[in-house]
Amino acid sequence: MKRDKQENQAQFNRRAILMAGAGGAVFAGLGARLYTLQVHQQERYRLMAEDNQFNFRLETPTRGRILDRFGEAVAENRDSYRIVLIPEQAGDAEAALNRLARLMELSPERRERILREIQRSPRFQPVEIAEDLDWETFARVNLHLPDLPGISPDVGEVRTYPHPQAFAHVAGYVQAASEAAAGNDPLLLHPGFRIGRAGVEAAQDQTLRGSAGQLKVEVNAYGRVIRELPAQSNPSVRGQDVMLSVDAEAQRFGMQRLAGESAAAVTMDVQSGEILSLVSAPSFDPNLFVTGIGTDDFRALNENEYRPLFNKATTGLYAPASTVKGMMGMAALESGVMEPDERVRCVGHTTLGNRRFHCWRREGHGSVDLHEGIKTSCDIYFYEVARRLGIDRINEICHRMGLGEIYDIGMHIPDRADGLVPNPQWMRARRNRGWSTGDTYNVGIGQGDLLASPLQLAVMTSRLATGRAVTPTLLRRTDPAPFADMGFDPEHRERIHRAMRAVVHEPGGTSYWSLQGLGVEGVEMAGKTGTAQVYSITTAERASGLRSQDELPWRLRNHGLFIGYAPAIDPKYAVAAVVEHGGGGSAAALPARDLLRDLIERDPAQRLQTVTAMAGTGQES
């Protein structure tokens, strides 16, 4: 009996020890796990717990402004009330939109766009419902927020253009990034963020854009923001301002002066190369594009025969016509193929083989030299100049004077805007034929296949005026260095200047009666008209008598061109203008003269020097 008790006791002790050991092992394991969770993985789980309470929101940067040369805003920002939907917080997106539609208008097209964007975006990514709301609608949505899960009101910024018509083609506009452009960039995917799509906005986008930041916010169980924690956030960096060379007053005046026309004009400071105005008329309102232009508005702009969306100043290409005759005269003198006083007889036409080439003046100009050839714009004289120069020398002087080039002026210009300076290789590749003397004749008077933009013509004019390799810019040059001398003989330059002055100031000059000078006492100007034919005149039409430009349909009328600079001695400013289907050079001469006169009278280059000097001394202008 006693032995049985001892055995039972021993068995009990063994079991107790085993159970105690097992229990100890369990407690040791729990302790080790607790130690691991609370010590080794403490930071991980602290962050996970914190993520249930705190979130980081992308903070979009404020876009930099675009300013004119004196600091006047061309593009800036204003507050914009908007509504976004966060899919992961909203649940059923269609139900959320139905609730919101009771408080604000949601068209079927907009609903479809929103649902489509929700489908292709991450569920945490906010999707824009409406932007630039009026205060009444914004306040109404805010009042009903407790009944609108996933709907978030927001006060952001929207781009605005204070002088829309004047600066549409210069400043350009901003729009939301396309899906392809945005990629996985969270900033570009943000519903309120815009990137530059044209003009300076596009070319200077990286400078203007700034960089995004992160704002730490405390949220409740539903993801709604309770408070912001700026002290623990990384602020966004504002984009830099971009200062243009453009004078806002000159730009607005140019738009007013070309109102009602399909036209373009460029004015430049010939000493610094700064573009003072770059006008393309008619224009459009870039504010329409920022928040999404309507179909009807876009169709009206796109179908307008005056092409308001097209930047004619930089991208419009025209036969430069007689505006190149000063340049051709310079090439003839520099190459020695013509003597200044050598005379050519003009009887209204000249014959080359079995083909007759006409002068614009049917009865001819008689015997003319270089001075009279430029002053009266005699085509026969310049046919002879072209024949002696040959296409290779003509090609060289065109490129040397700025034609056929694309300039990095600080705004977006398409590749196709380089124009065309034709040569035999181009003719063979494009037209599958050889080059002829007749082709040289046409290029020599600025016709045929020669094409240039108003910007290129302004560069050509500035180089003629100064004899220096002026390069244009749309951005302020704070300390411009002198341009390289082009090596023209001073006597040759003087002869060309006198001839171009005679165009405006001497009887018989092609702009003498239409311009009657610059209109500023003591200041003379120099210039050259041009009339670019839009269609070829047939032999039958010449024989029966040409119709006047007023009798022709608008689209068949000649383009009018004018280049000029002032003062005629020691020039400061240059202009190039084109009036599409204006009928002749005088159509462009008058507005071009007025733009030059405005610059001479206000003298923005001198004003800038004064403002800069006063700013350096702390005085107010």
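Modeller: A cavity here is a set of grid points where a 1.4 Å probe fits but cannot get out, and a lining residue has an atom within 4 Å of such a point. The model is a predicted one, and it holds one cavity of 30 Å³ or more. About 40 Å³ of space lies in this largest cavity, whose lining is made up of Thr314, Glu405, Ile406, Tyr407, Ile413, Ala417, Ser453, Leu455 and Gln456. Sorted by class, that lining comprises five nonpolar residues, three polar ones and one charged residue.

Turning to charged side chains, the structure has 35 salt bridges. One of them joins Arg65 to Asp241, with 2.9 Å from N to O; because Arg65 lies in the loop between β1 (54–59) and β2 (66–67) and Asp241 in the loop between β9 (225–228) and β10 (242–243), the pair ties together parts that are 176 residues apart in sequence. Arg65 is partly exposed at 31% relative accessibility, and Asp241 is partly exposed with a relative accessible area of 31%. Asp594 and Arg257 form another salt bridge, their closest N and O atoms being 2.5 Å apart, and since Asp594 belongs to helix α24 (residues 585–602) and Arg257 to helix α12 (residues 248–257), this pair ties together parts 337 residues apart in sequence. Asp594 counts as buried at 7% relative accessibility, whereas Arg257 is partly exposed at 29%.

As for the rings, the count comes to 11 aromatic pairs, and among them Trp135 and Phe138 form a tilted pair, 6.0 Å centre to centre with 45° between the planes. Both residues lie in helix α6 (residues 135–143), three residues apart, yet Trp135 is exposed at 54% relative accessible area while Phe138 is buried at 6%. Ring pairs join Tyr81 to Trp135 and Phe138 in a cluster. Finally, the ring of Phe70 has the charged end of Arg607 sitting over it, 3.7 Å from its centre, and that of Arg69 sits over this ring as well, 5.7 Å from the centre.

Methods:
Residues are numbered from 1 along each chain as its sequence is written. This is a predicted model: local features need pLDDT of at least 70, side-chain atom pairs count only at pLDDT 80 or more; totals for chains, interfaces and linings use all residues. Side-chain values use heavy atoms; hydrogens and water are left out. Rings of Phe, Tyr and Trp (its six-membered ring) pair if their centres lie within 6.5 Å; planes under 30 degrees apart count as stacked, over 60 as edge-to-face and the rest as tilted. Helices (H or I, at least four residues) and strands (E, at least two) are DSSP runs, numbered from the N terminus. Buried means under 20% relative accessible area, exposed over 50%, partly exposed in between (1.4 Å probe, protein chains only). A charge sits over a ring if NZ of Lys or CZ of Arg is within 6 Å of the ring centre and within 35 degrees of the ring normal. On a 1 Å grid over the protein atoms alone, a cavity is a set of points where a 1.4 Å probe fits but cannot get out, and a pocket is an open set with protein on both sides within 12 Å along at least five of seven lines; lining residues have an atom within 4 Å of a point. Grid points are joined across faces, edges and corners, and a volume is the space filled by probe spheres set on the points. Ala, Val, Leu, Ile, Met, Phe, Trp, Tyr, Cys and Pro count as nonpolar, Asp, Glu, Lys and Arg as charged, and the others, Gly among them, as polar. A salt bridge is a side-chain nitrogen of Lys or Arg within 4 Å of a carboxyl oxygen of Asp or Glu.
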